[in-house]
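Thanks for coming. I have one structure to show today, and I will keep to what can be read from its coordinates.

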Amino acid sequence: AYVVTDNCIRCKYMDCVEVCPVDCFYEGENMLVINPNECIDCGVCEPECPAEAIVPDTEPGLEKWVELNAKYSAEWPNITVKGDSPADADEWKGKPNKLDSEFS
Ligand code: SF4
Ligand code: F3S
């Protein structure tokens, strides 16, 4: 499966939801996650994200994100249509370690 990672936090551009053929994105307040059981590994969302937040779970060092996507995709509501991004999304784009300020 593909996973949404730190770069999505507070950016939440949502271009990804428009292209996913199986609608497997789930929406939190400040980021989206992918349901690993529904993702078919098509890869079309990866280049669509302006924040480069989506990566295949086969990349090393992603344990935390694999766990987070699995956990929250079971709790958060499904999202299939792009909404309004946060007004300051571009200011957060590319900032490191956004998760630490978000879920701690
Ligand atoms: Fe959806 Fe394909 Fe991205 Fe998986 S890889 S989340 S199926 S667009
Ligand atoms: Fe997040 Fe990128 Fe989608 S910023 S909401 S993963 S387009």
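First, the ground rules. This is a predicted model, in which local features need pLDDT of at least 70 and side-chain atom pairs count only at pLDDT 80 or more, while totals for chains, interfaces and linings use all residues. Residues are numbered from 1 along each chain as its sequence is written, and chains are lettered from A and ligands numbered from 1 in the order in which they are written.

On confidence: pLDDT is the predictor's confidence in each residue, from 0 to 100. The protein chain averages 96, and 97% of the residues score at least 70. For the complex, the predictor gives an ipTM of 0.98 and a pTM of 0.96.

Now the overall fold. The protein chain has four helices and four strands; these are DSSP runs, with helices being H or I of at least four residues and strands being E of at least two, numbered from the N terminus. Along the sequence the pattern reads β-α-β-β-β-α-α-α. Along the principal axes, the C-alpha atoms fill a box of roughly 30 × 30 × 25 Å.

How much of the chain is buried? Of the 104 residues, 35% count as buried. Buried means that 20 or more other C-beta atoms lie within 10 Å of the residue's own, exposed means 12 or fewer, and partly exposed is in between, with C-beta atoms placed from the backbone. As for contacts, two residues are in contact if their C-beta atoms, placed from the backbone, lie within 7 Å. Among contacts between residues at least 6 apart in sequence, 79% join residues at least 24 apart.

W65, L68, N69 and S73 are buried. Seen down the axis of α2, the buried residues fall within an arc of 110 degrees, so they line one face of the helix; the arc is that of the directions from the helix axis to the C-beta atoms. The cover over these buried residues includes β1 (2-4), β2 (25-27) and β3. On the other side of α2, E63, K64, E67 and K71 are exposed.

Next, the ligands. Which residues are closest to ligand 1? They are Y2, C20, C39, C42 and C45, out of 13 residues that surround ligand 1. A residue is near a molecule if its C-beta atom, placed from the backbone, lies within 6 Å of it. The shell around ligand 1 has eleven nonpolar residues, one polar and one charged. Here Ala, Val, Leu, Ile, Met, Phe, Trp, Tyr, Cys and Pro count as nonpolar, Asp, Glu, Lys and Arg as charged, and the others, Gly among them, as polar.

Ligand 2 is also surrounded by 13 residues, the closest being C8, Y13, C16, C49 and A51. The shell around ligand 2 has eleven nonpolar residues, no polar ones and two charged.

C45 lies in the loop between β3 (32-34) and β4 (54-56). Is C45 buried or exposed? C45 counts as buried because it has 23 C-beta neighbours inside 10 Å. Leaving out residues up to four places away in sequence, C45 touches Y2, C16, V19, C20 and I54. C45 and C16 are 29 residues apart along the chain, yet their C-alpha atoms are separated by 5.0 Å.

E46 lies in the loop between β3 and β4. E46 is partly exposed, with 15 other C-beta atoms within 10 Å.

Last, two backbone angles. Phi of K12 is near 45 degrees, a positive value in a residue other than glycine. K12 lies in the loop between β1 and α1 (15-19), and is buried, with 24 other C-beta atoms within 10 Å. Phi of D41 is near 65 degrees, again positive in a non-glycine residue. D41 lies in the loop between β3 and β4, and is exposed, with 10 other C-beta atoms within 10 Å.
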